[in-house]
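Please read them with the model open.

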Amino acid sequence: MTDRPRTSWLIPALLGSAAALGASALYAVSRAREAERRTPPIGDFITVDGVRLHYVERGQGEALVLIHGNGTMIQDFLSSGIVEDLAQRFRVILIDRPGYGYSDRPRGVWTPRAHATLFQKALQHLGVTQAVVLGHSWGALVAVALALQAPHLVHRLVLASGYYYPTLRADVVLASPSAIPILGDLLRHTVSPMVGRALLPAMIKGMFAPAAIPERFDREFPTDMMLRPLQLRASAEDAAMMTPVTVELQRHYRDLDLPVAVVVGGADQIADVGRQSQRLHDELPNSTLIVVPGMGHMIHHLAPARVIEAVELASKQSRAAAA
């Protein structure tokens, strides 16, 4: 009897792997469609430079633009409760950043400045000539870039739980493979949604830690939408970009000639308060720092009154400067 070739296992293994990937792809498609069925678009759409953006408006008055962070979408602010309050005094505009919620994300390098250019044109399309801009986390970088590029548009800035200066971050390293074209596409359409589903509870817990996850967020925020392939790509690309883009932006912070309110949880475990928010405050002479003790990264959920206070404080500072 002759020995079987040592490579006889290869073909069954390849067939098995292909079958597993095929099943994973079907699972990813099915779960993405189910997530979108349960969470349909809640706003309107505009197309800017060929990019279709999903946005929501609430209230009337002075324009207030809210820019969400990495991994989330419009519903992040809506489920925090701050929109309901702010809409009593402002025309609140929320836009799904490219690749999140129901906004498109064409292939390209989506830096904060690229986001800012798109947002500037979108706001012009919506008839906004001046606005207060609030950015949370990664969205704070977009808010800063927008203020730098369009000082005539942004006359007050509120930065919540932001990351402004480059540091070594494990999440940047971990996100890099999923941000690579072809390899990332394969991962996002097969195994990444399943892995993400297993890791998501711990990730969300870390966003709020050391505080507990608010019941309203748990009830209203559509976490399944975060695991769709396009949104996974957007999140991975933004995470991979985070450190490099701050190297460029930090050289221009002193050019921010407008009132800036910086609000952050004192126990933020995502963006170190001293290295990020405190340092930015020290660098900006026209800034105010609000630190909420014991609160984590999702400050608009954990201390909504203090975030609203930051918006109103920036408003008062702007009126005083104009007087």
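1. Some terms come first. Two strands count as paired if DSSP finds at least two bridges between them. Helices (H or I, at least four residues) and strands (E, at least two) are DSSP runs, numbered from the N terminus. The model is predicted, so to speak of local features needs pLDDT of at least 70, and side-chain atom pairs count only at pLDDT 80 or more, while totals for chains, interfaces and linings use all residues. Residues are numbered from 1 along each chain as its sequence is written, and side-chain values use heavy atoms, with hydrogens and water left out.

2. Strand E3 pairs with two strands. E3 and E4 run parallel and are joined by five bridges; Glu-62 stands opposite Phe-90 in E4. With strand E5 (residues 131-136), E3 again pairs in the parallel sense, over five bridges, and Leu-66 has Leu-134 in E5 as its bridge partner.

3. The whole sheet is open and has eight strands, in the order E1-E2-E4-E3-E5-E6-E7-E8, with mixed pairing. Strands E1 (44-48) and E8 (287-292) stand at the edges; each has a single partner strand, so one side of each is left without a neighbour in the sheet.

4. An antiparallel pairing is found between strand E2 (residues 51-58) and strand E4 (residues 90-95), over four bridges. Within it, Tyr-55 stands opposite Ile-95 in E4.

5. Two helices pack on the sheet, contact meaning heavy atoms within 4.5 Å. Helix H4 (residues 112-125) touches E1, E2, strand E3 (62-67) and E4, and its direction makes about 120° with that of E1. Helix H11 (residues 274-283) touches strand E6 (154-160), strand E7 (260-265) and E8, and its direction makes about 155° with that of E8.

6. Ser-287 is in strand E8 and counts as buried, at 10% relative accessibility. Its side chain makes a polar contact with the side chain of His-281 at 2.8 Å. A polar contact is a pair of N or O atoms within 3.5 Å; within protein, one must be able to donate a hydrogen and the other to accept it, and residues adjacent in sequence count only if both atoms are side-chain atoms. The Ser-287 side chain also reaches the backbone oxygen of Leu-284 at 2.7 Å.

7. Which parts does the pair of Tyr-165 and Tyr-253 tie together? Tyr-165 lies in the loop between E6 and helix H6 (170-179) and Tyr-253 in the loop between helix H10 (229-249) and E7, so the pair ties together parts that are 88 residues apart in sequence. The pair is edge-to-face, with 5.5 Å centre to centre and 85° between the planes. Rings of Phe, Tyr and Trp (its six-membered ring) pair if their centres lie within 6.5 Å; planes under 30 degrees apart count as stacked, over 60 as edge-to-face and the rest as tilted. Tyr-165 is buried, at 1% relative accessible area.

Notes:
Axes are lines fitted to C-alpha atoms, for helices over the stretch in contact, and angles run from 0 to 180 degrees between N-to-C directions. Buried means under 20% relative accessible area, exposed over 50%, partly exposed in between (1.4 Å probe, protein chains only).
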